[in-house]
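Please read it alongside the sequence and the coordinates.

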Amino acid sequence: MSLINTKVQPFKAEAFHNGKFIALTEESLKGKWSVLIFMPAAFTFNCPTEVEDAADNYAEFQKAGAEVYIVTTDTHFAHKVWHETSPAVSKAKFPLVGDPTHALTNAFGVHIPEEGLALRGTFVIDPEGTIKTMEVHDNAIARDVKETLRKLRAAQFVAKNPNQVCPAKWNEGAKALTPSLDLVGKI
């Protein structure tokens, strides 16, 4: 079953954010757009490249009114040390969320039971806590957050313009489509 257009399930988690430990729940995601980026674990070889990519593009997420959350199956304590010891991860100004109980990875369908790790999953969530986009793939394939930004902006556009859809490769400012019988078979 797809998680698209479902509400984020209740959860409690701890995160390392801007030098402090913070508590997060599903309520923390409400009132703004959120992007959850699941990764297998801290202190790996591929995950820091994704954290750095998100950090390098964080200003664009903030400009779009969205918060980024990196989630691994480690603890928030491990995330503190990861942030302090990795030059790539130290760039992160967003919460690094610990999920040692696997509540989040299970709720979002990205848990790998036999490994106790998460698949690489990316979820865009609207201000009401509804999942609008999801992407899940093999852990050997790192993501490009510019595509996540594009999907975030598309989700925001259709939320503001419910009678329109974003065609393939749509980017902010591009023409959208208004579905109609006249378009069927014409594109």
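D144 caps the N-terminal end of helix 5, with a side-chain oxygen 2.9 Å from the backbone nitrogen of K146. The pair falls under the definition of a polar contact: N or O atoms within 3.5 Å, where within protein one must be able to donate a hydrogen and the other to accept it, and residues adjacent in sequence count only if both atoms are side-chain atoms. The model is predicted, so local features need pLDDT of at least 70 and side-chain atom pairs count only at pLDDT 80 or more, while totals for chains, interfaces and linings use all residues. Residues are numbered from 1 along each chain as its sequence is written, and side-chain values use heavy atoms, with hydrogens and water left out.

Helices (H or I, at least four residues) and strands (E, at least two) are DSSP runs, numbered from the N terminus. Helix 5 comprises 16 residues, 145–160, and at 1.5 Å a residue it should span 22 Å; its end C-alpha atoms are 22 Å apart, which agrees. The expected span is 1.5 Å times one less than the number of residues.

Burial is judged by relative accessible area: buried means under 20%, exposed over 50%, and partly exposed in between (1.4 Å probe, protein chains only). The buried residues of helix 5 are V145, T148, L149, L152, R153, A154, A155 and Q156. Their cover includes strand 3 (33–38), helix 1 (47–56), helix 2 (58–63), strand 4 (66–72), strand 8 (120–125) and strand 9 (131–137).

Helix 1 is largely enclosed by the rest of the structure, because seven of its ten residues are buried. These are C47, P48, E50, V51, D53, A54 and A55. Among the elements that cover them are strand 3, helix 2, strand 4, helix 3, strand 8 and helix 5.

A64 lies in the loop between helix 2 and strand 4 and, at 18% relative accessibility, counts as buried. Which residues does A64 contact, leaving aside its neighbours within four places in sequence? They are L152 and Q156, where contact means heavy atoms within 4.5 Å. Both L152 and Q156 are among the buried residues of helix 5. A64 and R120, by comparison, are 56 residues apart in sequence and 23 Å apart in space, C-alpha to C-alpha.

**Salt bridges**

A salt bridge is a side-chain nitrogen of Lys or Arg within 4 Å of a carboxyl oxygen of Asp or Glu. By this rule the count comes to ten.

| Pair | N to O distance |
|---|---|
| E27 and K30 | 3.2 Å |
| E52 and K91 | 2.6 Å |
| R153 and E60 | 2.7 Å |

E60 is partly exposed, with a relative accessible area of 30%, whereas R153 is buried. Elsewhere, salt bridges that share partners join E50, R120 and R143 into one network.

The side chains of E52 and K91 meet in a salt bridge. E52 lies in helix 1 and K91 in the loop between helix 3 (76–85) and strand 5 (96–98), so the pair ties together parts that are 39 residues apart in sequence. E52 is partly exposed at 26% relative accessible area, and K91 is partly exposed at 37%.

In the pair of E27 and K30, E27 counts as partly exposed at 46% relative accessibility, and K30 counts as partly exposed at 38%.

**Backbone and surface features**

Most residues other than glycine have a negative phi. N18 has a positive phi of about 50° although it is not a glycine. This residue sits in the loop between strand 1 (12–17) and strand 2 (20–25) and is exposed, with a relative accessible area of 52%. K169, also not a glycine, has a positive phi of about 65°. K169 is found in the segment after helix 5 and counts as exposed at 73% relative accessibility.

I4, M134 and V136 make a nonpolar surface patch of about 200 Å². Patches are made of residues with over 30% relative accessible area and no salt bridge; like charges are joined within 9 Å and nonpolar side chains (Val, Leu, Ile, Met, Phe, Trp, Tyr) within 5 Å. Accessible areas come from the Shrake-Rupley method with a 1.4 Å probe, and for residues only the protein chains shown count as cover. V136 belongs to strand 9 and is partly exposed, with a relative accessible area of 36%.
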